[in-house]
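User: I have a structure open and would like to talk through a few of its details with you. Could you take a look?

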Amino acid sequence: MDYIPNTDEDRKEMLKKIGIPNHLSLFNDIQGRLFLKKPLNVQGFVSELELRNHVTELSKKNKIISTNFLGAGAYYHYIPSTVDHTLRRNEFYTAYTPYQPEVSQGMLQAIYEFQTVVANLTGMDVANASMYDGSTALAEAMLMCVAAKSEEKQAERQANSIASFTPEILVSSTVHPEYREVLRTYATAKGITLKEIDFISSENDPSNPELKNHSGTTNLELLKKAFTQDTVGVLIQTPNFFGCIEDIKQIAELTHQNNALLAVSVVEITSLGLLKSPGSLGADIVAGEGQGFGIPVSFGGPYLGILACKEAFIRRIPGRIVGLTTDNRGQRGFVLTLQAREQHIRREKATSNICTNQALCMLAALVHIITLGKSGIQQLGELNLNKANYAYQKLKELDNFSGVFNSPVYNEFVIKCRGNAGDVLAELLKNNIIGGLELGRFYPNKTELENSLIICVTEMMPKSEIDRLVKIMEEM
Amino acid sequence: MQLIFEISKPGSATRMLPDLEEGIIKIDLAKSALKEFVQSSGNSSGTLSTLDLPEVPENEIIRHYVALSRRNIGIDTAFYPLGSCTMKYNPKINEDTARLEGFAMLHPMQIFTDQHTPQDHVQGVLQLIYELEKDLCEITGMDAATLQPAAGAHGEMTGLMIAKKYFHDRKEFQRKKVLIPDSAHGTNPASAAICNFEIVTIKSNNQGLVDIENLRKNLNEQSAVFMITNPNTLGLFEKNIVEICNVVHEAGALVYCDGANMNAMVGITKPGEMGFDMMHLNLHKTFSTPHGGGGPGAGPCLVKEHLKNCLPMPRILKEETGEIGVEYDNYTRKEIMSKRYRYILVYTPYDSNLAAHSSSIGRVKAFFGNFGILVRAYTYIKAHGASGLRKNTEYAVLHANYLRVILQEHYDLPHKVVCKHEFVLSDKDIPNGVTTLDIAKRLLDYGQHAPTIYFPMIVHGSIMIEPTETESLDRLNEFAAAMIKIKEEAVSDPELVKKAPHTTVVGRLDAVAAARKPNVKWKRE
């Protein structure tokens, strides 16, 4: 198959105009062995019907189980019908980045609306038009911390005649493990020291009574000790990988006392309908994953990286930003703005290399949020909170299962199995339930997380299915 | 046009979600441990977030976003000759396959679900990724690929991280410089900067190609990578590419191919044959996954054998199950005896100490890249097969040359040679102070999208035109006629062109004012 609209006659007419007998002479500059002698070994179909059947068959080799308690960075939420109907508007999805604003007002205005909504949800002043996903948004937040603080910290060092300066980032070990892997990759390339801060364990009763009721969240005593002269930023996630809600306010105070910046990763974006915004609690940067709004789990992508910051960092934030302005007829209009930060103008001095981002995913999130509206967003948050905590409570009460941490949770929680967690998941699978994710593999050195499951309950999970899960586990 | 916030009416939203079911007792937030964390606690110890979101009924929401879409143009509504961006038709079936339940509803953590038969739940997606990797390697002549990078610039960054790791493991720590031609995309130097490389700019020669002598002079024991776009951003094939790669290799450095222009080479030649060590592809360009108004895209990074171990984790392997059975082959439509295979993921251990000793650079994105985009690219490649893909290349180049030959009679064409998929005009012959920007804006009045303008920077007032293979002769002629007409207008009525566009929903926008005092979010008055 192909999608070329021209006939042989058309081709001949074009060749005549160019003044060549054969179109292959257009490739005369590709000489000798470089010009392929035989066709590519790539199979294809001659009709759309066969193609559709083939790809559909492939899709059916995957197992879709509707009672699925997986979260851990990708969430099943109800996507209103308005979302896909908007995404399928050809004028949006077949457009390029809005470089010609006069014919791109639709996407530009949508981005401006999205920036407004994100700024509001996160408590920030500026949001960009998206990053690739939550993990890369956090990596960019790390780079922002380095860019914003390095000069000052380096000067401090020079004033004290201490020579070498290597920017240092502190990251909580409650941040999604795959996000931490991405941070490590970026940090290695950029020459940043990345130090992990352990969480408060439930096992060894901490000597500090203040920590006692906060197990499962970042250990602030360890964080306090970890700061050095070179620390430029602190990265946390809330609700964190265990589902526990972190104390942004205290961490922000601690971070600012040490003249560093706090970037908060919000991986379960719907939590912002209920929880206080990171900005209102003192965060400098929010680096979120927007998948929870309008985007299917789709085996991990495409998702939506959210990056928002306080006014002070507006010229340091990477990615596209849309600004309001007027046209030469006196009308309101929108343009890409502050482009002096971007790679196509600044090249190696740009704040980032990002060019193509996730515009269409941004549109999905925007339409989802707008469709729910203020009350719907709050209702969504409450449904998740109440359903998950109902399940959490029920499971903790079972003989062979227990909770691990005591910090409050939003829609995910950790349950420890007396027996083998893999066997528990296998038994649930026999009953057509995916019972969550085994946590131990991500924390191989933590005995308390052996045979533990991270379980997610969203508004999609009927109470009857939660009860079925509990009942099957009760009988184990 | 109004903003969605301006049509908000509290209480008007259409209900989407149910009430909490009976039997679940609602947590009293004011009395729970959550009190200090939630907005509605009323605890005024911190500044409370005042969630200020609009409420709009569903029909008005749809009208609003449909109205917005009509203030946008895409490849489905207009000819879009945006050079270097490859705005080709996006086949509709790709949108359908990406939304198939077996893909869209599959959770990435299902790779861990079945302990006894690992990745049993995700065999379809792993097979798709594996086969796409294999096809992309065949198309480019490279040996291995990662589909993790989310965009072209992300693929570039991945490639440069691989180079850095490669030299680090060889203890060639002094290789800190990346050489980049002055005609390169801005992402190239920006990606190199993320990896802490120093950038050396290589000037092009008067033919618009790499100046090999200048390159040679700049290569030394500090050189890590030479990044080059082929065909370059002028749409010209680097005919000395084999020699260029040799020169770089003699200096002990690697050669990177920016594959943004791969659509001029598919089925005709392979970067892997030219001597490149690594490259990236933009699936949203060459393989027509849509651009989405600025993404999502996908930027696979491909490498030769010697760099394979540096690729990000996880990798996908295909192994024999040991069984043999009769399988129906969809391509040949025949039943054949075949070995059975399964696909497995190979991981770098999560332990950070172990990862430090691994040859892999690590992970560049959570999960498995922009998987939904990979489905579209896979569908696109399987629609075409080898013959369709090659035909695309032939027509992309034919169309560009057809327009080049017509337009060079009316505009200055600095490099008067056969081009590949695109060509670049300059503003030299445009009279009466009319600029490239004016021409671009006037094109909008003729219902066409503008070409890429002022890039590449080595041509004065550049107008970069890429028609792609999916435009009919009539569309190409319409565009050429509009360009010729505008040239005439620039002679006869320059003010008309300078004040364009006249027919669009807004006129020229004041970008300077927007940047001086940024208004980047709406505030209630």
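User: Is Glu102(A) buried or exposed?
Analyst: In this predicted model, Glu102(A) is buried, because its relative accessible area is 2%, under the 20% cut-off for that class.

User: Where is Glu102(A) placed in chain A?
Analyst: Glu102(A) lies in the loop between helix H4 (90–93) and helix H5 (105–122) of chain A.

User: And what does Glu102(A) touch?
Analyst: Leaving aside residues up to four places away in sequence, Glu102(A) touches residues of chain B, among them Leu444(B), Pro501(B), Val505(B), Arg508(B) and Leu509(B). Lys441(B) is also one of the residues touched, and the side chains of Glu102(A) and Lys441(B) are joined by a polar contact of 2.8 Å.

User: OK, zooming out, how many residues does the contact take from chain A and chain B?
Analyst: The contact takes 196 residues from chain A and 224 residues from chain B. Between them the two chains bury about 18600 Å², with 62% of that area on carbon and sulfur atoms.

User: How many salt bridges are there between chain A and chain B?
Analyst: The count is 16 salt bridges between chain A and chain B. One of them joins Lys365(B) to Asp133(A), with the closest N and O atoms 3.6 Å apart. As for polar contacts, 110 residue pairs are found across the interface of chain A and chain B, both residues being at pLDDT 80 or more.

User: Which element gives the largest share of the side of chain A that touches chain B?
Analyst: That is helix H12 (residues 359–396) of chain A, which contributes 24 residues. By class, this side of chain A has 90 nonpolar, 62 polar and 44 charged residues.

User: Switching topic, how many aromatic pairs are there over all chains?
Analyst: The structure holds 21 aromatic pairs over all chains. One of them is the tilted pair of Tyr112(A) and Phe334(A), at 4.9 Å centre to centre and with 45° between the planes. This pair links distant parts of the chain, since Tyr112(A) is in helix H5 and Phe334(A) in strand S9 (residues 332–336) of chain A, 222 residues apart. Tyr112(A) is buried at a relative accessible area of 1%, and Phe334(A) is buried at 2%.

User: What about the rings of Phe242(A) and Tyr443(A)?
Analyst: Their centres are 5.3 Å apart and their planes stand at 45°, so the pair is tilted. Phe242(A) and Tyr443(A) are 201 residues apart, each in a loop of chain A. Phe242(A) counts as buried at 0% relative accessibility, and Tyr443(A) is buried at 6%.

User: Which residues do ring pairs link into a cluster?
Analyst: Ring pairs link Phe199(A), Phe242(A), Phe405(A) and Tyr443(A) into a cluster.

Notes
Residues are numbered from 1 along each chain as its sequence is written. Chains are lettered from A and ligands numbered from 1 in the order in which they are written. This is a predicted model: local features need pLDDT of at least 70, side-chain atom pairs count only at pLDDT 80 or more; totals for chains, interfaces and linings use all residues. Side-chain values use heavy atoms; hydrogens and water are left out. Contact means heavy atoms within 4.5 Å. Buried area is the accessible area (1.4 Å probe) that two parts lose on being put together, summed over both. A salt bridge is a side-chain nitrogen of Lys or Arg within 4 Å of a carboxyl oxygen of Asp or Glu. A polar contact is a pair of N or O atoms within 3.5 Å; within protein, one must be able to donate a hydrogen and the other to accept it, and residues adjacent in sequence count only if both atoms are side-chain atoms. Helices (H or I, at least four residues) and strands (E, at least two) are DSSP runs, numbered from the N terminus. Ala, Val, Leu, Ile, Met, Phe, Trp, Tyr, Cys and Pro count as nonpolar, Asp, Glu, Lys and Arg as charged, and the others, Gly among them, as polar. Buried means under 20% relative accessible area, exposed over 50%, partly exposed in between (1.4 Å probe, protein chains only). Rings of Phe, Tyr and Trp (its six-membered ring) pair if their centres lie within 6.5 Å; planes under 30 degrees apart count as stacked, over 60 as edge-to-face and the rest as tilted.
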